Amino acid sequence: MEYNDKVMDHFANPRNVGKMDNPDATATEGSYTCGDLVTFYLKINDSSQIIEDVKFLSYGCASNIATASVTSEMAKGKTVEDAKKLTWKEITDELNGLPGSKIHCSVLAVDTLKSAIKDYEIKKGLRVADPFTKDTIFQELKKVIYPPASEDICTLKMVKYVYFDDGIATIIVDLPNYDQYKEHIFEDIKETLSRYPEVKEVKVQ
């Protein structure tokens, strides 16, 4: 796997790594099963809504650590609203690019940051927890990246059908059987949706 110098720098010398004592918000995304796991801790000024400090812990490959490191740097000093606007493409660009098969790491890093912000907002009564619906599934599928195109499967119009009933999520994806990334995409979909307690089973076709 070829990584550029900036990715290797953040991998070898990650910024803001470590656990935070008494954080205002925290979130963990990913899993040991898929090999990538990230936890973000935030310290937020209630008056200014500025993220004054960010720490992270990461389990995974070089790109997982590097993307979490860059995300922590880009979020620190921003207001909560500005931090929520960070995108995985901005993280990837800041690292001068990632291999296509590793783009999902930047998605995971940004997703975890936004989950931590959501945790803060819920604790402070600034929002209520979102109900799980079919639209939730669509939003989660936008985090699944098709490596050759470095774009999500919804934007690429690969998602043809989504149905959710009685805890069972059914997703039909338009990928030929010979596509070398098909199983990878299917596993990413299952991994992304299975973290929701409302989802008892994920069927991908």
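Where does asparagine 16 lie? I found asparagine 16 in the loop between α1 (5–12) and β1 (25–31). (Helices are DSSP runs of H or I with at least four residues, strands are runs of E with at least two, and both are numbered from the N terminus.)

A note on the model: it is predicted, with local features needing pLDDT of at least 70 and side-chain atom pairs pLDDT 80 or more, while totals for chains, interfaces and linings use all residues. Residues count from 1 along each chain as its sequence is written, and side-chain values use heavy atoms, leaving out hydrogens and water.

Skipping neighbours within four places in sequence, asparagine 16 is in contact with Val54, Lys55, Phe56, Ser72, Glu73 and Lys76 (contact means heavy atoms within 4.5 Å).

On to the sheet. I see three strands in an open sheet, ordered β6-β7-β8, with mixed pairing (two strands pair if DSSP finds at least two bridges between them). β6 (159–165) and β8 (201–204) are at the edges with a single partner strand each, so one side of each has no neighbour in the sheet.

I also followed β6 to its partner. β6 and β7 (residues 168–173) run antiparallel, joined by six bridges. In this pair, valine 159 sits opposite valine 173 in β7.
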